Amino acid sequence: MIILGIETSCDETAASVASFDNGVVKILSNVVSSQINIHKKYGGVVPEIAAREHMENIIPVIDKALAKAGIDKKELAGGKKNKPLDAIAIATGPGLITSLLVGVETAKTLSFAWDVPLVSVNHIEGHIYANFISETQISKSKFPTVILTVSGGHTMIVLMDGHGKFKMIGETRDDAAGEAFDKAAKLLGIGYPGGPAIAEEAEKWNGKGKITLPRPMINDKSLDLSFSGLKTALLYQIQNDKNWKKRIPAYAHEFQAAVIDVLVSKTIKAAKKYNVNNIMLAGGVASNIKLREELARAVSEKLNKVNLHIPDLRYTTDNAAMVAAAGCFKTKAKKFTSWRKAKADSNQEL
Ligand code: KG4
Ligand code: ZN
């Protein structure tokens, strides 16, 4: 089975081709055209600009993904039999509506013109399925699994009982973890996107002049999280520190440590509560090296016989390989959406 994935939820125009045989998802091409450098000067994504960029990039990006996977476009033309594509998987939401529309309308057009079925994928579901891109057989023992899903727009702890079976067991009550990194980086004046900027500054800390920030809700019984108070605590501390500009690495280090402590602690709590033998990490914040290391350490120290799955770095921030991967399992289950019904939905729930 061969699937084309398309992703335009925010500021990356992405297309990918995946093959799916005997339960193994293999990525044949993964093309991402990032707009980070364009939005950088505004300190965040400007929806109008993002949509225009998607419009210009979408067809060249899809063209490149097909070519890299060795797919001959002529074979996709209407009326041809034995098409080299079994489905087009499209991320329909959540995300910025003007960005989503470009990908969704393109996918619908291609489905109509090529007569290839369409599969609608939730963007968060896509992030989760980055964990199912593998060279090895995905065994049933991956379920149940707890997934720490941390991106710029969402932070939730998900219990997954089987393919397409998700239950949200914890979520942020205010800011998403990635959003917290972005806001903290803005306060510290170290650029956009904030996650990588904070991680880079944190690395520079020499261990002197330790800052202390709170770990919001870490002792709370629920699996919910909260990050807006942490950002405010950072703001108050730098307002009261005349020399804060000289201590940016110390602030970045403590901020990153506070976010990670809470994320790791809640994930371990969730795994214990639901007695799972698998934990997965998903979303843009999953590219944070310290988070990957700390979660791995906590799993080996605090849990028994739990497998930790961490996606390859290139599949953590927005990409279409994750959408294609989810599309593989949905196509196998024949969960198609007709091009007449597929719709971009900025608030689509998992
Ligand atoms: O999943 P993603 O690419 O887009 C959304 O679906 O939101 O996530 C983007 C978020 C941004 O907030 C960015 O600051 C954060 O992921 N991020 C990181 C790192 N790389 C990206 N956060 C922490 N550490 C990183 N290395
Ligand atoms: Zn995302």
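Modeller: Let us begin with a term: a residue is called buried when its relative accessible area is under 20%, and exposed when it is over 50%. Please bear in mind that this is a predicted model.

Colleague: Which residues of H7 are buried?

Modeller: Helix H7 comprises residues 228-239, and its buried residues are Leu230, Lys231, Ala233, Leu234 and Ile238. They lie on the same side of H7, because they cover an arc of only 160° around the axis. In general, an α-helix has 3.6 residues a turn, so residues three or four places apart point the same way.

Colleague: Which exposed residues does the face of H7 turned away from the buried side carry?

Modeller: That face carries Tyr236 and Gln239.

Colleague: Against which helices do the buried residues of H7 pack?

Modeller: They pack against helix H5 (177-188) and helix H8 (248-273).

Colleague: What is the strand order of the open sheet?

Modeller: The order of its 5 strands is E8-E7-E6-E9-E10, and the pairing is mixed. Strands E8 (165-171) and E10 (307-309) are at the edges; each has a single partner strand, so one side of each lacks a neighbour in the sheet. On average, neighbouring strands are turned by 25° against each other, direction ignored.

Colleague: How many bridges join E9 to E10?

Modeller: Strand E9 (residues 278-282) and E10 run parallel and are joined by 3 bridges. Within E10, Leu308 is the bridge partner of Ile279.

Colleague: Which strands does helix H9 lie across?

Modeller: Helix H9 (residues 289-302) lies across E6 (145-150), E9 and E10, and runs at about 170° to E9.

Terms used. Residues numbered from 1 in each chain as written. Chains lettered and ligands numbered in written order. Predicted model: local features only at pLDDT ≥ 70, side-chain atom pairs only at ≥ 80, totals over all residues. Heavy atoms only, no water. Helix = DSSP H or I, 4+ residues; strand = E, 2+ residues; numbered from the N terminus. Expected span 1.5 Å × (residues − 1). Buried < 20%, exposed > 50% of the residue type's maximum accessible area, 1.4 Å probe, protein only. Arc of directions from axis to C-beta. Contact = heavy atoms within 4.5 Å. Pairing = 2+ DSSP bridges. Axes fitted to C-alpha atoms, helices over the stretch in contact; angles between N-to-C directions.
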